[in-house]
Amino acid sequence: MKKKIVSGALSLLIVTFILACTGVSAFAESGLPKWFPDDPKSFERYHDEDQSRVIDNADILTASEEMQLKLYLSQMKKDYDCDFVFLSEDRVNENLNSYYNSRISGYDEYDYNSYRQYYSADYYDFNGFGVGDDYNGIILYVNMTPGKRGWYTCASGAAEDMISERIINKIDDRLYEYMSEGDYGEGIINYYKDFNTLYKKGNLLFFEDIFHAFQIGLVPGVIVSLLVLGIVTAKMKTVKQAVNANNYFVKNSFHCDRAQDLFLYRSVTRTKIEKNKGGGGSSFSSGFSGSSGSSHSGGGRSF
């Protein structure tokens, strides 16, 4: 009996030693992504300049769109000293979803926007992205799982100060129009062009913003003009308007010999049909922590 116990204990030690030497981890066996570290809190972040900034695992970009996007993001990184990353996946990793649910307070495993939020933060943190000591950058993560499709914009470092709930909603409204129609490549490229405008000009002014500003400036101007016109008109001594035209009408001088109806004009009324904005707005979280403990801000929506 003693021999069997000693033999069993020895076998267990040998198996443990082999697993440690071969680098097999419990995380790999549990189905978590290969890039996810065994101990996220003690993970030492790094910069990987050779890592691609366009990772289209869901294959939603054409070859030419992928090349165009790589060049565009590379130039933006040089221009603004900020990393820009695109990632797409074709499925939700339910093992990671359960992992988040068991470790993040308030996490809802059935709310896949929460999954996209933490997945994008972790993918960015654990794969060598970011510029400088604060790992400055922005990642757009798109998940194409049927029935759970959506995206999330996650900012790190100084980039957190560039986004707000308003900015995220503006950019997401425009992106939704493309994504809901299946124009993924065009929508994603325009998404980064919007960020290029934001970094270049410090704000985003779309047509509706300009029109609204015009309205704000126009209405007070019209009111002031009408007041001035009313005051000037009141001071003028003009001929009073007659109640009728009897003074100019010669009695019995008008004779109507023939009457005819002529169609002169056509009136057409058009009503604009508003496009669905994808639930009316994006989620937004400021200053949340990924699995590594690093700070992030961002927002996203489903489509």
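## Basis of the description

The structure is a predicted model, in which local features need pLDDT of at least 70 and side-chain atom pairs count only at pLDDT 80 or more, while totals for chains, interfaces and linings use all residues. Residues are numbered from 1 along each chain as its sequence is written, and side-chain values use heavy atoms, with hydrogens and water left out.

Helices (H or I, at least four residues) and strands (E, at least two) are DSSP runs, numbered from the N terminus. Two strands pair if DSSP finds at least two bridges between them.

Contact means heavy atoms within 4.5 Å.

## Strand 4 and its neighbours

Strand 4 runs antiparallel to strand 3, and seven bridges join the two. Within this pair, Y141 stands opposite Y152 of strand 4. The two strands form a hairpin with six residues between them, and G147 in the turn has a positive phi of about 85 degrees. Strand 4 is also joined to strand 6 by seven bridges, and these two strands run antiparallel. Here W151 stands opposite R301 in strand 6, and A155 stands opposite S297 in strand 6.

Strand 4 is mostly covered, with seven of its seven residues buried; buried means under 20% relative accessible area, exposed over 50%, and partly exposed in between (1.4 Å probe, protein chains only). In a regular strand the side chains alternate between the two faces of the sheet. From strand 4, G150, Y152, C154 and S156 point one way, whereas W151, T153 and A155 point the other way, and all are buried.

## Strands 5 and 6

Five bridges join strand 5 to strand 6 (residues 295-302), and the two run antiparallel. The bridge partner of F284 in strand 6 is G299, and that of S283 is G300. These strands form a hairpin with five residues between them, in which G293 takes a positive phi near 95 degrees. Strand 6 is mostly covered: six of its eight residues are buried.

D125 is found in helix 5 and counts as buried, at 0% relative accessibility. Not counting residues up to four places away in sequence, D125 touches F43, R45, S292, S294 and H296. D125 and F36 are 89 residues apart in sequence and 9.8 Å apart in space, C-alpha to C-alpha.

Y135 counts as buried, at 13% relative accessibility.

## The second largest pocket

The second largest pocket holds about 180 Å³ of space. On a 1 Å grid over the protein atoms alone, a cavity is a set of points where a 1.4 Å probe fits but cannot get out, and a pocket is an open set with protein on both sides within 12 Å along at least five of seven lines; lining residues have an atom within 4 Å of a point. Grid points are joined across faces, edges and corners, and a volume is the space filled by probe spheres set on the points.

The lining consists of P40, K41, Y99, Y100, R103, I104, Y118, S289, G290 and S291. Helix 4 (residues 94-103) supplies the largest share, three residues. The lining residues divide into five nonpolar, three polar and two charged; Ala, Val, Leu, Ile, Met, Phe, Trp, Tyr, Cys and Pro count as nonpolar, Asp, Glu, Lys and Arg as charged, and the others, Gly among them, as polar.
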